[in-house]
Amino acid sequence: MGFTKNKAGVDTPLRTELAKKGVVWTTLDFLYNWGRRSSIWPMQFGLACCAFEMIAAACARYDIARFGAELFRASPRQADLMIISGTVTKKMAPQVVRLYNQMPEPKYALTMGACAISGGPFIDGYNVLRGIDRYIPVDVHLPGCPPRPEALLHGLMELQKKIASQEIQKTAWYQKGLKREFPIPEFGPNGLIPKFNPEVWQPSKENPRREHYGQTILVGKKLKAPDLELAAAPQPAAPGAAA
Amino acid sequence: MKETFNFKNAGNAETLEINFGPQHPSTHGVFRMVVQLNGEKICGLKPVFGYLHRNHEQIAENLPYAAMMPYTDRLDYVNALANNFGYALAIEKLAGLEVPERAEYIRVMMAELARVVNHITVIGFMLNDLGAFFTPLLYAFRERERILDLFEEITGSRLMCNYLRPGGVKRDLTDAHLAAIRAIVTKFPAFLKEFEALLTKNEILCMRCQNIGILPVDAATNAGITGPVLRASGVNYDIRKVDAYSIYNRFDFKIPLGQKGDAYDRYYVRVLEIRESLKILEQALAKIPQGDIVNKKAFPLLKMPRNFKPPVGEAYARIESPKGELGYYLVSDGTPQPWRYHVRAPSLINLTLLEEMCLGQKIADAIIILGSIDIVLGETDR
Ligand code: SF4
């Protein structure tokens, strides 16, 4: 993947010559992608801790405006990029999918932080979704907990590369009959229904956590509460000491 | 799932129910509230929680005591170090550990720096909510980055510091670190002056914030409100003074109090608290002794956390986090994992009076009131 080359079929000296006379000779792809990649409007949408690094990236020191992406829009209908910055809980997941559906094409999603990718540190939680890519397609994954603002900028540059490599004739959103509505899961009594969207994600055959750790950590169920009163009561003096 | 909100005068044809959040630029994350309006006046408000419920307490019950420390960072992610402080105190109480002198000083300094970071961030966001879109926040974040640089150098991470340990701290401060803290302390008043020149007497800020969201003293004390929100109503209650945990009784600092308890007071109390924090930092820098940074008795806990078994019992430790009273309750049953772990989160409890503060106000003011309470959703929903 790389930036689209200016592949207009004219040799360079002639092109320079023409440029001097005010004639720009380029390909439509190049112009189109240049425009799109230089003004990505992200959605102003923070979920958890990682949102703070996103805000820091927008502020003075890191200044995401250098990449043309400073215009955080509060409405999904004006946004191109959804930065999913933080833990997606099961209660929040339907909202996230709905917001993604509301964004106009072409749209991109970037997961920021371990939580949005896989559940991160909270993967064992009963209410934490193990990765938003179960419901929507994600273009860039940014690992880290939280990723530094520089990492977000790097992710943005990767996304720009992806945008630049798309060709106007093949892009999905100019094809006939495009339908990119992702089914919104429902927050039922036992978690989300359905558990994932089979079109975008399939459960892996292996158990990567088990492979990584060599074992799955099992914790015995605790059933009996400690008797605090007994522990707090003064210890009876040892019989030998009293004598 | 159909949701119902039991508003008092539901069914009244003149009222309108609108929904804020969970995706809304000024709900500080994923907070959601349903507001009942009569014209522009609020006549009912119901918060909806749980969009960031990350099972913090359940995860703690499956982890060794020391392994929970990084998770406490993620409770209130604006000031991670203060959260570490409270949790470390709770374990120390449970296990009966002492903390070396130097570590106490380092902890207090870090907690106060975190308070400064928290307060400037909150002020920035509150002004964002007022409509001063991003400019005050840019000033605040410029200064915040300097302190975060220091955190990164000392603890290894900008936001999630994971620095305090039961019985001490993770790494010692070098002279260069102390000099860096000193530089921040000396330069900060100039920034505050600039910030205040922009804001404190700003007419728009005064008009939008004064007499908005007044919190009466008795309502506040009844509901258990703590922190700057309570002190803005004029109640002198600061756990640093009341409990004098750690070594706070050695420092000379004042508790700024508000008079009316409106949003403006809450803003101004925070500005004054930053100044007091700087005072504490100055004194700590002058007095910090040499010595150990971790109690030797805590080594088994830190080196082999899975074998550390505190005696059966319970412990509650509380600190004055920048948002209010942050308490950790631990029940040990003699195994390496706690039987119960509970966090008394100030953000959640301070939110309980949101409806009272908002009733009769305009809808635009509800946002300011929410901003002035200073909530963080990681802590509210846990
Ligand atoms: S990845 Fe880490 S910092 Fe980001 S939301 Fe999850 S816990 Fe917070």
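The buried residues of helix H3 (50–58) of chain A pack against strand S1 (81–85), S2 and helix H6 (149–164) of chain A, together with helix H4 (101–130) and H5 of chain B. This briefing concerns a predicted model. Between them, chain A and chain B bury about 4,000 Å², of which 65% lies on carbon and sulfur atoms. Over all chains, the structure holds 33 salt bridges.

**Helix H3 of chain A**

- Helix H3 of chain A is mostly covered, with 9 of its 9 residues buried.
- The buried residues of H3(A) are Cys50(A), Ala51(A), Phe52(A), Glu53(A), Met54(A), Ile55(A), Ala56(A), Ala57(A) and Ala58(A).

**The contact between chain A and chain B**

- Chain A contributes 46 residues to the contact, and chain B contributes 47 residues.
- On the side of chain A, Phe52(A), Phe122(A) and Lys222(A) lose the most area to chain B, and together they account for 18% of what that side buries.
- There are 15 residue pairs in polar contact between chain A and chain B, counting pairs with both residues at pLDDT 80 or more.
- At least two residues of the side of chain A that touches chain B come from each of H3, H4, strand S4 (186–188) and helix H8 (228–232) of chain A.
- H3(A) gives the most to that side, with 5 residues.
- By class, the side of chain A that touches chain B has 30 nonpolar, 7 polar and 9 charged residues.
- The two chains are also joined by 3 salt bridges.
- One salt bridge pairs Arg148(A) with Glu152(B), where the closest N and O atoms are 2.4 Å apart.

**Organisation of chain A**

- Chain A contains 9 helices and 5 strands.
- From the N terminus on, the order of elements in chain A is α-α-α-β-α-β-α-β-α-β-β-α-α-α.
- Of the 243 residues in chain A, 42% are buried.
- Among contacts in chain A with a separation of 6 or more, 75% are between residues 24 or more positions apart.
- In helix H2 (28–37) of chain A, the buried residues are Asp29(A), Tyr32(A), Asn33(A), Arg36(A) and Arg37(A).
- These residues lie on the same side of H2(A), because they cover an arc of only 115° around the axis.
- The elements that cover the buried residues of H2(A) include S2 and H6 of chain A.

**Salt bridges within chain B**

- Side chains of opposite charge can pair when their charged atoms come close.
- Glu112(B) and Arg240(B) meet through their side chains in a salt bridge (3.4 Å, N to O).
- This pair links distant parts of the chain, with Glu112(B) in helix H4 of chain B and Arg240(B) in helix H10 (239–242) of chain B, 128 residues apart.
- Glu112(B) and Arg240(B) are both buried.
- A network of salt bridges links Glu112(B), Arg115(B), Arg231(B), Asp238(B), Arg240(B), Glu273(B) and Glu320(B).
- Lys46(B) and Glu355(B) form a salt bridge between their side chains (3.9 Å, N to O).
- That pair also links distant parts of the chain: Lys46(B) is in strand S3 (41–48) of chain B and Glu355(B) is in helix H14 (354–358) of chain B, 309 residues apart.
- Lys46(B) counts as partly exposed, because its relative accessibility is 24%.
- In the salt bridge of Glu325(B) with Arg318(B), the closest N and O atoms are 3.5 Å apart.
- Glu325(B) is buried, with a relative accessible area of 7%, and Arg318(B) is buried at 19%.

**A buried threonine in chain B**

- Thr72(B) belongs to helix H2 (69–73) of chain B, and its relative accessible area of 0% makes this residue buried.
- Leaving aside residues up to four places away in sequence, Thr72(B) touches His56(B), Asn83(B), Asn84(B), Tyr87(B), Tyr328(B) and Tyr341(B).

**Backbone exceptions**

- Most residues other than glycine have a negative phi, and most peptide bonds are trans.
- The peptide bond from Glu105(A) to Pro106(A) is cis, with omega near -10°.
- Pro106(A) is in the loop between helix H4 (93–102) and strand S2 (108–112) of chain A.
- Ile193(A) and Pro194(A) are joined by a cis peptide bond with omega of about -5°.
- Pro194(A) is in the loop between strand S5 (191–193) and helix H7 (208–213) of chain A.
- Asn162(B), although not a glycine, has a positive phi of about 50°.
- The loop that holds Asn162(B) runs between helix H5 (135–155) and strand S4 (164–165) of chain B.
- Asp374(B), although not a glycine, has a positive phi of about 70°.
- Asp374(B) lies in the loop between helix H15 (363–373) and helix H16 (377–381) of chain B, and is buried at a relative accessible area of 3%.

Conventions. Residues numbered from 1 in each chain as written. Chains lettered and ligands numbered in written order. Heavy atoms only, no water. Helix = DSSP H or I, 4+ residues; strand = E, 2+ residues; numbered from the N terminus. Buried < 20%, exposed > 50% of the residue type's maximum accessible area, 1.4 Å probe, protein only. Contact = heavy atoms within 4.5 Å. Buried area = accessible area lost by both parts, 1.4 Å probe. Salt bridge = Lys/Arg side-chain N within 4 Å of Asp/Glu carboxyl O. Polar contact = N/O pair within 3.5 Å; in protein donor to acceptor, adjacent residues only side chain to side chain. Nonpolar A, V, L, I, M, F, W, Y, C, P; charged D, E, K, R; others polar. Arc of directions from axis to C-beta.
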